[in-house]
Every structure is written in C-alpha cells, then in structure tokens.
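Subject: Structure handover, with notes on side-chain contacts

Dear colleague,

I am passing on the structure we spoke about, and I would be glad if you could look through it with the notes below at hand.

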Amino acid sequence: MADQTGLRVVVHDRGRDLAGVVRPGESWAEAARRTAASVHAEPVPVDLSSEVKQFVIDHDRVVTIRAMTRGDLTDVTRWRQSEHVRRWWASEGEPTPELVEERYAPCIDGLTPTRMWVVEVNGRSVGFLQDYRVGDYPDYALLGPDPEAIGVDYLIGDPAWVGRGLGARMLWAWMLRARHRRPEATSYFAAPDHRNAASLRVLAKAGFTPGLWFDEPQEDGTVETVVGCSLDVRQVLG
C-alpha cells in the first residue's frame, strides 16, 4: 500500500465538516471512522476520487445488501427490462422471466462461482450486485490484472434511485461485506463499458482507480471496449 500519511479526510454531518488526516498505517475508512468517532455512526463515501477523501454520516438512508433468493427474480426481471439498464446489459439477451431464471437461479443456488446480492435502501429492494473471483472465469482472468481479485457487476434497477448518489453507497455496502467474506482478497475489480461515464464515476467515488482499456468478447458475439477499474482493499478499507 502506498504511503497515505497526511492525506486529508472530511466527514460531513448535518452541516458540520469534521476534518482529519490519514495516519501512518491507516486506511481511508479507518481515518474517517476516527475523525467521526464523536458521532457514533458509520461514515460512508461521498467522493473518494479527489485528494480530499469525502465521507458523510447519512441519518436518513440505510443501504444494505443481502443474499439474493429466487423470490427476487421478479424484481430482477423488471430491473433488467428498465430502459436505463438495457443499453449496458443488452449482450446478455432479452431479459424475459425465463432467461432471467436460467441465468441467475444457478448462481442463487450456489452452482456457479458467482454470488448474487440484492441492494436495499431502508428495507426496499432497489438493485443488485454479482461478485466472483476473477480467476474462476479463465477468459476474463486473462484481461484483469489480478486473478485473485473479486470482480463485481452492479445495477440500480429502480429508476427512482438513479442519479441520487446511491451507486457509491451500494458498492461500499458490498465492499464491507466482501472484506469479511473474502479477507484474503487484496483488490476488487470492475470493468464497465468505456462509454458508461456514470458507472465509471460511481466507481471512482467508491475508491476504484481506472486502468487499462481492453476489448471484451460478449455473449452475443460482439466485442465491447471496457475499462478495468481496481480498488486497493488495504488502502481504502484496511
């Protein structure tokens, strides 16, 4: 992990700005928690892409993730059919209920290396994530920098939550859970389409760094140019 000593951290809390710095051996998350220790709440990221790492204490929204069940597939079908999602997931085919069940049920049942998670805001399901060890998919592993990294794909399915700052929050909730599930992983990896500026911005806000562009073959025979984005787990989470 690169030396982050002296890096500034700000935690916003109802009009107050709590300022601190990253101490030797600290991660950004640890520095934010120490800076906001008097609030007795968990800081979550606002924007980790600039020199000053910005967090917030969110008193109104609780963002959590849980394991997906087959009962969620109706929601998944609706989310996949949303216009704002279709463009970036089109190569996987028309998201009919039959195709969605065929694709995701084996993951839910633990029959593939991919695990599925539902994102909830204040108890309401609004989207999903899927994760996997990159090396468990050999073709994909050839494109990524670290076969031991945990890969993640995600979407906000409910249009009402698009553009409201949820993306970094849902990734953060997933990252904290992944840190406990897979403590041996030192990096997380995502590869959105290079034209998907919104997704690239979300990843940057959550602490990911863009890297190499590469061409990735798709299921429908097309090829998309994607941007490999990596997160240093020790630097960001500790």
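The notes that follow cover aromatic pairs, charges over rings and salt bridges.

Please keep in mind that this is a predicted model, in which local features need pLDDT of at least 70 and side-chain atom pairs count only at pLDDT 80 or more, whereas totals for chains, interfaces and linings use all residues. Residues are numbered from 1 along each chain as its sequence is written, and side-chain values use heavy atoms, with hydrogens and water left out.

Aromatic pairs

The structure holds 5 aromatic pairs, a pair being two rings of Phe, Tyr or Trp (its six-membered ring) whose centres lie within 6.5 Å, with planes under 30 degrees apart counted as stacked, over 60 as edge-to-face and the rest as tilted. One of them joins phenylalanine 55 to tryptophan 172 in an edge-to-face arrangement, at 5.9 Å centre to centre and with 75° between the planes. This pair links distant parts of the chain, since phenylalanine 55 belongs to strand β4 (residues 53-56) and tryptophan 172 to helix α6 (residues 166-181), 117 residues apart; helices (H or I, at least four residues) and strands (E, at least two) are DSSP runs, numbered from the N terminus. Phenylalanine 55 has a relative accessible area of 0% and is buried, and tryptophan 172, with 2%, is buried as well, where buried means under 20% relative accessible area, exposed over 50% and partly exposed in between (1.4 Å probe, protein chains only).

Tryptophan 89 and phenylalanine 128 form another edge-to-face pair, with 5.8 Å centre to centre and 65° between the planes. Here too distant parts of the chain are linked, with tryptophan 89 in helix α3 (residues 83-89) and phenylalanine 128 in strand β7 (residues 124-133), 39 residues apart. Both tryptophan 89 and phenylalanine 128 are buried, and Trp89, Tyr104 and Phe128 form one aromatic cluster.

Charges over rings

The charged end of lysine 53 sits over the ring of tryptophan 28, 4.2 Å from the ring centre, the criterion being that NZ of Lys or CZ of Arg is within 6 Å of the ring centre and within 35 degrees of the ring normal. The charged end of arginine 164 is likewise placed over the ring of tryptophan 161, at 3.9 Å from the centre.

Salt bridges

The structure holds 22 salt bridges, each defined as a side-chain nitrogen of Lys or Arg within 4 Å of a carboxyl oxygen of Asp or Glu. Arginine 201 forms one with aspartate 47, the closest N and O atoms being 2.8 Å apart, and this pair links distant parts of the chain, from helix α7 (residues 197-205) to strand β3 (residues 44-47), 154 residues apart. Arginine 201 is partly exposed at 38%, whereas aspartate 47 is buried at 12%.

Aspartate 158 is bridged to arginine 124, with the closest N and O atoms 2.7 Å apart; aspartate 158 lies in the loop between β8 (150-156) and α6, and arginine 124 in strand β7, 34 residues apart. Aspartate 158 counts as buried at 11%, and arginine 124 as partly exposed at 48%.

Within helix α3, arginine 86 and glutamate 83 lie 3 residues apart, about one turn of the helix, and their salt bridge has its closest N and O atoms 3.8 Å apart. Finally, Arg80, Glu92, Arg103 and Glu219 are linked in a network of salt bridges.
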